[in-house]
Structure formats: C-alpha cells, structure tokens
Amino acid sequence: MEKNWEFDNLSLDIPNHIKDIIKKATEYKLLTEKSIFTPPKILINIAWHKPPKGWTKLNIDASYNNVTQKCGLGGTFRNTNGHWIVGFGKSSYASGSLEAELKALLEGLKMAKEWKLDPFAIESDSVEAIQSILQGNMLYDDIVNECRWLMHQQKETILRHTFKQGNNAAHHMEKRRRKNIKA
C-alpha cells in the first residue's frame with residue numbers, strides 16, 4: 001500500500017521500502033546529530049574532602065578477578081589535615097565484587113578498632129556495599145553484620161559514597177595488592 005506525499009502541490013508516489021529507508025535515515029540523523037538544545041555540561045570538582053575537626057576518614061576500595069576469584073582490598077586513614085595515619089592492602093578471595101568491597105570495609109573497621117581511630121567517616125565508591133550495610137544483604141549477612149557490629153562499637157561513624165576520583169589513595173592501596181593477584 002502506497003501513500004501519496006504532497007510537497008507544495010507536488011504529489012509523489014513513494015514505494016514502501018523507500019519510505020522505510022527514509023524513516024530509518026531520519027531516525028539515525030535525529031539520534032546522532034547534536035541537538036542545539038543540549039544543556040551545557042556542569043563540571044563537578046571531585047576530590048578527597050577532609051573529615052570534620054577531631055575526626056579520621058577511612059577510604060576503602062576493592063577489586064575482583066572473576067576468573068580466579070581473588071580480590072585486592074585497600075584502605076587509608078587520614079586525619080583532619082589530610083595527613084596519612086595508616087593504610088592497608090590485602091589479598092583475599094571473594095565470590096564477587098560486592099563481597100570484595102564488604103571485605104575491604106571489614107578490614108578497615110578492624111584496623112580502626114585496633115588503632116583506636118574514633119570517631120571516623122567511611123567513604124567507598126561502591127553504592128551497593130553502602131546499601132548492604134544500611135539495608136542488609138542476605139547473601140553476605142555474616143560480613144554485613146560483623147561490619148555493623150564493629151561500627152556500633154565506635155563512638156560515632158558516618159558511612160557515605162564517594163566517586164572513584166575522590167578515593168584515589170585507597171584505590172592505589174588496592175591496586176598494589178591487585179598486581180599480586182592477576183593470574
């Protein structure tokens with residue numbers, strides 16, 4: 001079935017397969033062409049931010065190799081001035097990246113207790129790990145509950161998300177351990 005298209009009193013009979021080509025070409029152009037209505041990009045400065053006065057900040061990170069199930073765990077503690085207090089890098093095994101992130105958190109919490117670093121803020125680039133601590137996670141209940149227990153023993157803790165770019169020191173600690181677990 002063919003339709004007549006009229007352009008300024010000009011009538012054209014266009015076959016259906018040509019109409020389909022025109023539709024697809026129009027769709028392609030609309031999807032790939034830059035819109036004049038694209039809002040300008042807003043630059044966000046993502047960096048490590050100091051903890052409140054009298055506090056310590058723990059930044060954690062982890063990596064996971066799904067072939068070997070090995071993971072690298074890393075964390076750094078810094079004071080209000082941003083000076084390094086202590087850090088860790090450790091190799092372990094996990095069933096996935098979430099478990100690796102939770103293990104990094106657990107290692108950091110154990111170190112905070114051992115070094116009596118209280119109160120402290122915790123930052124992770126894993127939204128899923130933070131949600132697991134706040135809302136629970138049946139798959140990793142043991143690790144989540146141990147983390148919660150250690151956090152409860154502290155005077156005060158804050159757990160929040162940071163972007164990877166604001167977590168560089170912990171990422172480098174984890175990266176050093178990851179080099180040892182590649183294959």
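Both Lys57 and Glu123 are buried, where buried means under 20% relative accessible area, exposed over 50%, and partly exposed in between (1.4 Å probe, protein chains only). These residues belong to a predicted model, in which local features need pLDDT of at least 70, side-chain atom pairs count only at pLDDT 80 or more, and totals for chains, interfaces and linings use all residues. Residues are numbered from 1 along each chain as its sequence is written, and side-chain values use heavy atoms, with hydrogens and water left out.

At 1% relative accessibility, Lys57 counts as buried. Lys57 forms a salt bridge with Glu123, with the closest N and O atoms 3.1 Å apart; a salt bridge is a side-chain nitrogen of Lys or Arg within 4 Å of a carboxyl oxygen of Asp or Glu. In general, side chains of opposite charge can pair when their charged atoms come close. Helices (H or I, at least four residues) and strands (E, at least two) are DSSP runs, numbered from the N terminus. The side chain of Lys57 also reaches the backbone oxygen of His49 at 2.4 Å. Among the residues that Lys57 touches are Trp48, Phe77 and Arg160, not counting residues up to four places away in sequence; contact means heavy atoms within 4.5 Å.

The count comes to four salt bridges. In one of them, the side chains of Lys90 and Glu107 meet at 3.1 Å, N to O. This pair links distant parts of the chain, with Lys90 in strand 5 and Glu107 in helix 2, 17 residues apart. Lys90 counts as partly exposed because its relative accessibility is 34%. Another salt bridge joins Lys103 and Glu99, whose closest N and O atoms are 4.0 Å apart. Because Lys103 and Glu99 are four residues apart in helix 2, about one helical turn separates them. Lys103 is buried, and so is Glu99. Salt bridges that share partners join Lys57, Glu123 and Arg160 into one network.

The nonpolar side chains come next. A nonpolar core is a set of buried Ala, Val, Leu, Ile, Met, Phe, Trp, Tyr and Cys residues joined through side-chain atoms within 4.5 Å. The largest such core has 31 residues, and those with the most contacts inside it are Phe77, Leu102, Leu109, Ile122 and Ile133. Elements giving two or more residues to this core include strand 3 (56-64), strand 4 (70-78) and helix 4 (141-153). Helix 2 gives the most, with nine residues. Phe77 touches, among others, Leu58, Trp84, Met111 and Phe120, not counting residues up to four places away in sequence.

Ile21, found in helix 1 (residues 16-32), is exposed because its relative accessible area is 54%.

The protein has five helices and seven strands, and from the N terminus on its elements run β-β-α-β-β-β-α-β-α-α-β-α. Buried residues make up 39% of the 183 residues in the protein. Of the contacts with a separation of 6 or more, 65% are between residues 24 or more positions apart.

Key. Polar contact = N/O pair within 3.5 Å; in protein donor to acceptor, adjacent residues only side chain to side chain.
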